[in-house]
Amino acid sequence: MHGVVPSDFVLDRSTDGDCHGNSPRCLMAIYRRRAAVFVLVAVFLTTFEFLFVTLDNVEIPKLLLIPRLFRRVETRKKNTDKSPQLKQVSPPNDITTTTPHEYQEFVSLTNITTTKPHQLKHTKPLNSSTNRPPQQSKSNNTKPCELKHVTCPLKTKTVVLNGDRLYHKGDDLTVKVVAKDEGGRPKTYGGDFFRARLVSTDRLPQASSAGHVTDHSNGTYTVQLPLYWTGNISIKIQLVHPSEAVAVLQRVRETPNKRVFHCSFVDLTTNATQTRQCYSSIDASMTPHQLCDLSKRDVNVTWICEKPDKLPCSTISMCHYASTTSRVKTLGLLSQKELFQEPYLEEELKVETKEPIRVLETELAIPQHLPACTWDKSAAQGHWSGKVWQSSVCDVRVFSRNDIRQCLANKTVYMYGDSTIRQWYLRLKKVLPLFNDNRTMDSTVLLGGDNSQWNISVRYRFHHVPIQTRGWVDFRQLRYIADELDATHGGPNTVIFLGLWAHFTADPLEMIQSRLYAIRGAVHRLKQRSPGTRVFVRTGTTREHSGVRLEYYLLGSDWLAYQITEVIREMFRADPDVVVLDTWDMSVCQPGKDNVHPDQTMVDNQLNRLFSHICPNKTAS
């Protein structure tokens, strides 16, 4: 009978060791045993959960704390994920921009223990750049590629050639990249903009270096990665822009007058003021009598403003960048903004290796001393070891405060360029230090100072228009670099630093080419009348793209900055009158974040390279 409980189904509190069969008493005993087991398991799991929480921030692999049974279950669960997600680039606005006035007091890097760099075999100059620093984290929600026939980072294949061989310091590691579209079809043309670097996965040394990318113009690329240190390494390759986005950047760059500037015209007698739009190229839609042509042909500079109604062109006073108008004009040139969104923007690629790569000590004897840095021995190639840039080509020293004073003693230093050169001036102002004396200062310079104890004078001047800043700039106080060089006396105790690139990325490449050509001619005239004058020109660097605004990429992408770097290299490549301080490699693999105004570590190492050229010998003064 289903509704009646058998009379012998009684809770038996005695032991069940002699229990046999399927009697109710035996079944209850079995249930009691199982309940006890479940209680013990619950206590066991609760204890381990407490350990996980307690040890969450302790560097103990959690896998070692997981029982083998659960480890097996967890592994089986992971294997069921058929389509693991790649990482996604964090928004560029995660980057905090530091102004050049916020640097800490100078700290000598001589207390950092480093290994003396060895002479490695030379590699070809870069023809592409490298990728973002390690702190550029990504999420696991990479969007799928949806644009047809566009290079897809999720499908692009990267393979380490001869990845199973033994690698030694001084060798080159080669990676082949095959660009593919959303359907997995190999691309048949080049133009993709990659950045590559090596990073050490060991705790010490914390090292990184840039890779050299060769575009074979058929959808395949070769990445050469020199091996500068021993230990375990990781390969980082990033698709910054697919070739289709590069084509957009090139078209936008070559469109003149998308940047608009406002300049005021002021009658000093009546204080009458009118503001007009100005451009860095001739506006073909306006007739000559409607324009103020403020160009200077002998220095290859064009500056055109709309003519005021009642004021002469000579009354031009202040200028500033009209960001809102420029943004509208720039975005109006774009038809496919998806090319500058995930997953096509600064996306990390998955590098296939058969096994982890470890670099061994070299088997061959390597020279222990590098030659001095000269005009034809640039320190561009090398790697970061901790917070010190170690060149593989020439001897770059770490300069202390006293070393810098001795190096610049009895010298006059002129700095011309943008705010990245101003960073150098502000650093020297603290290191030397420099003091502003109104009795001796030239009133037309922007910044300057003297150190009477060491007889050092430093003068800094911003370059002439275009200057992309929202603040108003006095047009009448600006000077063209070529004019300043022609007015400089020079000599063995005169050092000149030039750096102009950041405000030219948005304009047609011809503008910076012609400007540099005029500067190059002025340098030759200076060296001819004042032999011994030392002139240095620095290249561009990577920069932050804050705000995730599209115009930041259209006007200042790293691809645009790299094109100017290539122009500078080509302009002065074989010029014995100029030393090119190529800072591209050291910026793309720097320990800190990408920033047009990099951190103090980057600035100090740039200056170390500069001083190693000025004073290659430690006793030099």
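Mentor: A disulfide here is a pair of cysteine sulfur atoms within 2.5 Å. The model is predicted, so local features need pLDDT of at least 70 and side-chain atom pairs 80 or more, while totals for chains, interfaces and linings use all residues. Numbering starts from 1 along each chain as its sequence is written, and side-chain values use heavy atoms, without hydrogens or water.

The structure has six disulfides; I will take three of them. One joins Cys 145 to Cys 152, with an S to S distance of 2.0 Å. Its angle about the S-S bond is 80°, and the link is right-handed.

Another links Cys 292 and Cys 313, whose sulfur atoms are 1.9 Å apart. This link is left-handed, with -80° about the S-S bond. Cys 292 sits in strand E13 (residues 291-293) and Cys 313 in the loop between strands E14 (304-306) and E15 (316-321), so the pair ties together parts 21 residues apart in sequence. Strands (at least two residues) and helices (at least four) are DSSP runs. Cys 292 is buried, at 0% relative accessibility.

In the disulfide of Cys 373 and Cys 394, the sulfur atoms are 2.1 Å apart. The angle about the S-S bond is 90°, and the link is right-handed. Cys 373 lies in the loop between strands E18 (357-360) and E19 (382-385), and Cys 394 in the loop between strand E20 (388-391) and helix H5 (401-408); the pair links distant parts of the chain, 21 residues apart. Both Cys 373 and Cys 394 are buried.

Note on methods. Buried < 20%, exposed > 50% of the residue type's maximum accessible area, 1.4 Å probe, protein only.
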